[in-house]
Amino acid sequence: MALAMVKPVAAATVEQPRNAMVSIDSVTMSFGTFVAVENVDLTVADGEFLAIVGPTGCGKSTILNAIAGLLKPSGGRVSIDGNPVSGIQNDIGYLFQQDALLPWKTAIENVELGLLFKGVATAERRERSMMWLAKVGLKGFEQRYPHQLSGGQRKRVQMAQALITGPKVILMDEPFSALDIHTRHLMQNELLRLWQEERRAVVMITHDLEEAIALGDRVAVLAAGPRSRVIDSFDVDLARPRDVAEIKLDPRFMDLYRNIWASLRGEVEKSYERRD
Amino acid sequence: MNVATERLIQLGLLVAILGGWQLGVSTGVIDVFFFPAPVDIFNQIVSWVIDPSFYRHVTITLTETVLGYVIGTGLGVAAGVWLGLSRSAARILDPFIKGLNAIPRVVLAPIFVLWLGLGLWSKVALAVTLVFFITFFNAMQGVREVNPVVLANARILGAKRSELLRHVYFPAAASWILSSLRTSVGFAVVGAIIGEYLGASAGLGYLIAQAEGNFDAVGVFAGIIILAVFVLVIDRVLDVVENRLIKWRPNTAEEKTA
């Protein structure tokens, strides 16, 4: 079947051996007696964009929170760049699904927060925040409060806020799922552009398989919860830079989509059965 | 209906009420012993306002109100933020707080007089007990309702505990706290006035109590009106302060951009 269509990465594109930036070793996340994910093993190389897809309620977000140090795994261990994660991590950037901007701070005040907490001097902070706001296309919106910005603009501010500190790892929890489809494409391209400038390890959670393939270097499929685990992993050998809207017409994109969907579909169905 | 007509109707109502009242008094329908003529009340107010010694009373009541207000809201915000952050402390202290809050504050007035004497501080203490709980409950609620995503974001961006307080908890609780600050003003005045009313040698409450003791309805009414104006002025000041502090809220900002 179409499974055989996944081609090996084109001559491995002369890749240098990349060290593991994030490693998750047999991590189990449980809340009381409820086990969200069990024995998850994942490694994200430096500069690699990993997309994790899975049916709703399979515990995708808990994995991100374990990497961020917001939640403590009940088993196994997580490490970033060789250092075990314990407590909140400060060399990560986290792009939330919801509005995570501080509503009482202007766009520029929001962007400079990470630098402020790191103790960077005011003048440098301002300069770098202005630069980042310009980078995400929000020059002239510095003094706006979040409620005065559109959903897409708020996402841009959030991106600048998460990336300004130059984090080693960027975590994204369905970052664009609340946006309308056109804005979403724009933001996805924007994200790819920013990431391409300075490649960092990315772990992105999504339920949108198209988004996962269009953005990721690799797509990991999670089983239906509870006791979810990684059941499959696919390398995405599509050339970069990519255009999110156009790449969907690429035949190789469609092959990948078919293959991954074949794996994901069963889990989605299972998760629906369990819910009814 | 446009603003001008509304204002006109408001003015008309005022004239009708006061005019009817005055007319009732002059035709003898209304007994001046219980409802003194508006003109007399007005004259009483004027004679107070032009009398320098009157300002001693105002100053004393104002001092009591402001002290009670500042101390009460300060303690309320501090305790509210603390208990909002520490769930276990909140659980332990909950029955005590509820118990204290259940006491009708007026009955405390004689005790405060006993403890602190007839001077300023017994009134301040009464105002504090009234103001404290309002700000306390609001501050606690405000801190508890901090958006968990915003909080997680700030922590990941590297905020330490003191920075979280300053950049997340306080601003998030600010609108709750400020709305309680508005309500508290009235209560601070009530505390001061009741305290003076029950035992004092000066203050607006004392003036009213004295007028009442002489069956001087004119003085009582004049005192009431002066108190109302007193509260309105403080309320107006807070209005300005609130708009200065919370400029990120949608409603205030839209007025600005419009």
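A:I213 touches A:V219, A:V236, A:L238, A:R242, A:F253, A:L256, A:Y257 and A:I260, leaving aside residues up to four places away in sequence, where contact means heavy atoms within 4.5 Å. The model is predicted, so that local features need pLDDT of at least 70 and side-chain atom pairs count only at pLDDT 80 or more, while totals for chains, interfaces and linings use all residues. Residues are numbered from 1 along each chain as its sequence is written, chains are lettered from A in the order in which they are written, and side-chain values use heavy atoms, with hydrogens and water left out.

**Nonpolar cores**
- A:I213 is also among the residues with the most contacts inside the largest nonpolar core, which has 49 residues, together with A:F49, A:L133, A:V157, A:M172, A:L209 and A:V219; such a core is a set of buried Ala, Val, Leu, Ile, Met, Phe, Trp, Tyr and Cys residues joined through side-chain atoms within 4.5 Å.
- A second, separate core of 47 residues includes B:I45, B:V81, B:V131 and B:V143.

**Strand β3 of chain A**
- Because 5 of the 5 residues of β3 (residues 49–53) of chain A are buried, this strand is largely enclosed by the rest of the structure; buried means under 20% relative accessible area (1.4 Å probe, protein chains only), and strands are DSSP runs of E with at least two residues, numbered from the N terminus.
- From β3(A), A:F49, A:A51 and A:V53 point one way, whereas A:L50 and A:I52 point the other way, and all are buried.

**The sheet around β3**
- An open sheet of 6 strands in chain A has the order β6-β7-β8-β3-β9-β10, with mixed pairing, two strands being paired if DSSP finds at least two bridges between them.
- At the edges stand β6 (92–95) and β10 (230–235) of chain A, each with a single partner strand, so one side of each is left without a neighbour in the sheet.
- β3(A) runs parallel to β8 (residues 201–206) of chain A, to which 5 bridges join it; within this pairing A:A51 stands opposite A:M204, and the bridge partner of A:V53 is A:T206.
- β3(A) also runs parallel to β9 (residues 218–222) of chain A, with 4 bridges between them, and A:L50 has A:R218 as its bridge partner there.

**The interface between chains A and B**
- Contacts link 24 residues of chain A with 23 residues of chain B.
- The two chains bury about 2100 Å² between them, 69% of it on carbon and sulfur atoms, where buried area is the accessible area (1.4 Å probe) lost on being put together, summed over both parts.
- In chain A, A:W104, A:F117 and A:H147 lose the most area to chain B, together 36% of what that side buries.

Conventions: Buried < 20%, exposed > 50% of the residue type's maximum accessible area, 1.4 Å probe, protein only.
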